[in-house]
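Hi everyone, thanks for coming. Let's walk through a structure together, one piece at a time.

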Amino acid sequence: MAYSFPEEVLEHVFSFIGSDRDRNAVSLVCKSWYEIERWCRRRVFVGNCYAVSPAAVVRRFPEVRSVELKGKPHFADFNLVPEGWGGYVSPWITTLARAYPWLEEIRLKRMVVTDESLELIARSFKNFKVLVLSSCEGFSTDGLAAVAANCRNLRELDLRESEVEDMSGHWLSHFPDSYTSLVSLNISCLGSEVSFSALERLVSRCPDLRSLRLNRTVPLDRLANLLRRAPQLAELGTGVYSAELRSDDFSNLVGALAGCRELRSLSGFWDVVPAYLPAVYPLCSGLTSLNLSYATIQSSELTKLISQCHSLQRLWVLDYIEDSGLEALAACCKDLRELRVFPSEPFNREGNVSLTEQGLVSVSEGCSKLQSVLYFCRQMSNAALLTIARNRPNMTRFRLCIIEPRCPDYITHEPLDTGFGAIVQHCKDLQRLSLSGLLTDRVFEYIGTYAKKLEMLSVAFAGDSDLGLHHVLSGCDSLRKLEIRDCPFGDKALLANAAKLETMRSLWMSSCSVSFGACKLLGQKMPRLNVEVIDERGHPDSRPESCPVEKLYIYRTVAGPRFDMPDFVWTMDEDSALRPS
Amino acid sequence: MSAETAERFTIDFEETELRLGLGRPAGVSSNGEGATRSGGKRVFLETVDLKLNLSSKEDGGSVEKIRASAPAEKKMNSSDGKEKSVAAAAAAAAPPPPSSSSEVAKPPAKAQVVGWPPVRSFRKNIMAVQKSGSDEAEKGGSSGNSAATSGAAFVKVSMDGAPYLRKVDLKLYKSYQDLSDALAKMFSSFTIGNCGSGGMKDFMNESKLIDLLNGSDYVPTYEDKDGDWMLVGDVPWDMFVDSCKRLRIMKGSEAIGLAPRAVEKCKNRS
């Protein structure tokens with residue numbers, strides 16, 4: 001080398017590099033950069049907990065302060081991954097506890113977490129600050145009690161949408177009186193009551209509390225007291241939003257809410273009674289995020305509220321908002337970036353509300369910054385999709401769920417290929433796409449041709465043949481996650497594009513036509529993939545090799561096959577012999 | 001590397017008789033129902049010995065999963081597919097079992113497909129509870145939170161003199177005793193007064209009730225479906241749970257109006 005910087009200088013330079021991709025690139029420059037970088041990496045993100053072993057992570061990065069792990073495939077959210085499949089965090093926590101005494105942050109998504117792990121976390125990390133358990137399960141409020149009691153420096157405890165075995169609300173009282181560092185608390189998924197007085201005292205003594213998301217058991221008439229103790233709140237998730245408030249209670253609530261001048265985000269609103277919504281009107285002009293997706297109120301009430309939220313950037317709402325409400329949204333909320341419309345009656349084949357494709361079209365016209373959409377509806381047309389695509393070429397996440405599988409364009413009765421084709425053609429930076437409705441192989445041809453930045457694709461009840469899958473695997477250069485259910489995709493496209501699978505995080509296929517024989521072949525040929533066959537009908541050997549497997553989960557890994565599988569999951573490996581758990 | 005890879009997969013092609021017809025994409029029939037396939041694709045589909053017979057949209061996706069349809073059906077009937085399906089006999093056979101025709105049902109009796117539409121369980125559960133609550137409200141019940149047809153039976157509990165109300169789920173309790181214990185715990189922070197060592201348990205005892213009524217003690221009352229205020233304890237527990245809309249723990253001195261019924265009963269018994 002002509003010259004070289006001392007390590008400390010390089011380390012200092014690297015400290016400005018946060019993104020994992022950049023860090024990975026830095027570590028490939030040369031051996032000394034690899035060494036320096038690995039000693040100063042402070043954050044590790046493992047998108048698939050089985051892609052690498054915990055031992056390998058701690059060996060390479062000895063000084064990590066923050067770990068993020070994801071476990072089950074996304075379709076686990078919709079009950080497609082059988083119970084017991086895996087995603088256990090315990091081996092990770094054991095290793096991390098030994099290797100990183102100064103670990104500060106653990107973020108987990110779709111993992112199975114036990115009370116023992118939570119207790120180990122509570123005991124092992126003296127400076128532990130952030131615990132986020134997103135869509136996790138397997139633990140109880142006892143584990144939370146251990147965290148509350150022992151983590152003196154805890155800042156964030158976020159249980160978003162986890163399934164917690166709720167022994168009682170008593171765990172909250174385990175935060176000692178000396179504990180004052182809480183910044184963010186999200187207990188909205190918990191079922192049982194926490195002690196209100198403990199909650200009030202906790203809120204009172206934590207001056208940095210910025211985000212508080214309560215659960216349904218916190219009654220509306222206690223909310224005012226809490227808010228008066230935390231006027232600095234930026235994010236609030238209410239408890240149940242109904243009661244029989246006397247008029248002085250109501251004005252008390254109004255006053256308390258208005259006193260929270262920093263409040264930018266509201267959620268909760270369980271069981272909302274429209275009469276009490278005006279209490280939040282004074283806050284509307286400052287709100288950037290509003291989650292009304294549990295608020296079963298009608299369009300007129302929703303519209304009244306939303307029309308005042310001129311700074312709104314994110315709206316989650318039920319389809320009660322209807323087309324008329326979305327028109328109002330389009331007219332009033334010019335800063336909107338993200339819209340999610342959830343179905344109020346997803347299992348009702350007949351629509352119960354007047355929400356159609358028109359609502360989405362209106363928003364796409366009126367909200368020039370709209371880039372992220374999740375929309376459940378019962379009818380769609382190619383024309384509408386084309387309009388949306390032309391209006392919003394800046395769209396980056398587009399998830400459309402037409403509730404009836406294989407539903408064609410309701411006007412022309414044709415497949416929706418050209419509509420989605422327009423989306424991928426116009427929205428050049430599209431990163432995430434979910435398809436629905438009647439779709440042939442053609443839509444996949446469009447996707448393979450145009451969706452060059454697409455990272456995640458979700459497909460259901462679509463396509464005609466392997467050609468569809470082949471288009472996607474061969475054309476989508478940035479594809480990382482592909483999840484498919486109930487499509488006639490089989491062996492050919494998969495085997496022909498086997499190498500592609502090593503460039504992706506994972507592929508999920510369920511109720512498709514991939515044969516057991518093809519799975520074995522793939523497992524044999526691709527040692528750096530785990531090809532997991534998930535089949536609850538019994539050992540695949542009891543059926544012909546040409547028989548399709550129920551479910552297939554393929555992911556790249558440097559850790560080899562895993563050994564924590566239940567008896568309905570098999571990894572196809574190099575020996576082409578089955579390795580049961 | 002890529003040449004090697006290509007060769008490797010050429011070998012694989014021959015092994016599995018791959019014939020990727022990369023010609024023109026699938027045509028679309030003018031009526032859009034189902035999709036046609038070009039002749040080339042038919043060929044290689046047949047080599048894998050699957051008769052993919054794409055159904056029209058009403059079919060719910062069952063037909064093409066011929067071999068997987070047995071467990072899929074089972075899952076349609078069970079809520080989250082945890083049960084292990086009966087092994088393979090149905091799966092190995094070719095024709096779809098007769099029960100699959102029930103999946104081609106007219107609306108709205110169609111069997112639900114697992115995981116579709118893609119709504120998380122958390123959200124589904126909340127919506128189910130809220131919906132039944134709001135149905136009650138539409139029928140002229142209370143403010144939308146009272147008993148769902150199944151699941152919880154939340155009722156408000158007020159206690160005279162307490163600064164706020166509470167809610168209990170009556171379905172969590174099996175008897176008046178259970179309820180009384182729970183209420184005692186809930187309101188223990190407020191002085192119940194001269195209830196005696198048994199606490200509120202004694203309220204359910206009618207003879208003791210008479211003694212207490214004249215004092216400053218508390219009496220549990222409830223509003224029933226007809227809007228009448230009744231003394232707790234008269235009817236069988238299950239009937240009580242069904243008819244109770246809210247609970248009020250009244251000060252004994254205010255419960256005088258209710259006392260005659262209890263007194264009457266005691267007189268009749270003794």
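In this predicted model, helix H2 (residues 20-27) of chain A packs against helix H3 (residues 31-40) of chain A at an angle of about 145°, with the axes 8 Å apart. Axes here are lines fitted to C-alpha atoms over the stretch in contact, and angles run from 0 to 180 degrees between N-to-C directions. Helices (H or I, at least four residues) and strands (E, at least two) are DSSP runs, numbered from the N terminus. H2(A) brings A:Arg23, A:Val26 and A:Ser27 to the contact, and H3(A) brings A:Trp33, A:Tyr34, A:Glu37 and A:Cys40; contact means heavy atoms within 4.5 Å.

Let's move to chain B. How many residues of strand S3 (residues 218-223) of chain B are buried? Five of its six, where buried means under 20% relative accessible area, with a 1.4 Å probe and protein chains only. S3(B) pairs with strand S5 (residues 246-251) of chain B in the antiparallel sense over six bridges; pairing takes at least two DSSP bridges. In that pairing, B:Thr221 stands opposite B:Arg248. With strand S4 (residues 229-231) of chain B, S3(B) is again antiparallel, over three bridges, and B:Tyr222 stands opposite B:Met230. Five residues lie between S3(B) and S4(B) in this hairpin, and B:Gly227 in the turn has a positive phi of about 90°.

A word on conventions: residues are numbered from 1 along each chain as its sequence is written, and chains are lettered from A and ligands numbered from 1 in the order written. Local features need pLDDT of at least 70, side-chain atom pairs count only at pLDDT 80 or more, totals for chains, interfaces and linings use all residues, and side-chain values use heavy atoms, leaving out hydrogens and water.

Key. Buried < 20%, exposed > 50% of the residue type's maximum accessible area, 1.4 Å probe, protein only.
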